[in-house]
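Hi there,

Here is the structure I promised to pass on. Have a look at it, and then read on for what turned up.

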Amino acid sequence: QDWEQRQEEDTLLIERILLLVRNVLHVPPDPTEEQGVDGDASVHDRVLWALHISGMDDLLKFLASAQAEQQWALHVLEIISLMFRDQSPEELAALGQGQAAAEHGEDTRELETLRQRELAERRARALQRPSRHSRFGGSYVLQGLKAIGDRDVVFHKGLHNVSA
């Protein structure tokens, strides 16, 4: 419902649900009770997964981004901060980049070897060329063809191919 159509009871219900979610996420972890196998999901992670399966995370995203629902912003902010309570920024930044980082590193190495090969080829081509540039472009007299007056035609052409 839009906020104009909501009754006072609906507003109280939304606030109570948000406070319940906040309080459930606020429970501190108890390492003595959570003795599971290494790599096993903690109780906090299982609660987060249940919130995801139920669609509550999408609802929280909607409440956080909707202009008309600004009254719930602090509750949603508190819930989100509790969701990321046990995570470090480094872990969150690296999460999901394990495979991508390996592929990125492989691509970087491959590009670097191609770049080195191209530079080596460029150096080899530079060594094959003569170091001095010949400024002689060539001037030729075409015999049998008269220019203006009595003189033969003089033709100026760059010398690119000797046989031509």
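The largest nonpolar core is built from 12 residues, among them Leu 18, Leu 51, Trp 72 and Ile 79. By nonpolar core I mean buried Ala, Val, Leu, Ile, Met, Phe, Trp, Tyr and Cys residues joined through side-chain atoms within 4.5 Å; buried is under 20% relative accessible area, exposed over 50%, and partly exposed in between (1.4 Å probe, protein chains only). Two or more core residues come from each of α1 (8-26), α3 (56-65) and α4 (73-83), and α4 gives the most, with four. Helices here are DSSP runs (H or I, at least four residues), numbered from the N terminus.

This is a predicted model, so local features need pLDDT of at least 70 and side-chain atom pairs pLDDT 80 or more, while totals for chains, interfaces and linings use all residues. Residues are numbered from 1 along each chain as its sequence is written, and side-chain values use heavy atoms, without hydrogens and water.

On to charges: the whole structure has four salt bridges, meaning a side-chain nitrogen of Lys or Arg within 4 Å of a carboxyl oxygen of Asp or Glu. One of them joins Arg 22 and Glu 78 at 3.4 Å, N to O. Arg 22 sits in α1 and Glu 78 in α4, so this pair ties together parts 56 residues apart in sequence. Another links Asp 58 to Lys 61, with their closest N and O atoms 3.3 Å apart. Those two are three residues apart in α3, about one helical turn; Asp 58 is partly exposed at 46%, whereas Lys 61 is exposed at 52%.

Best wishes
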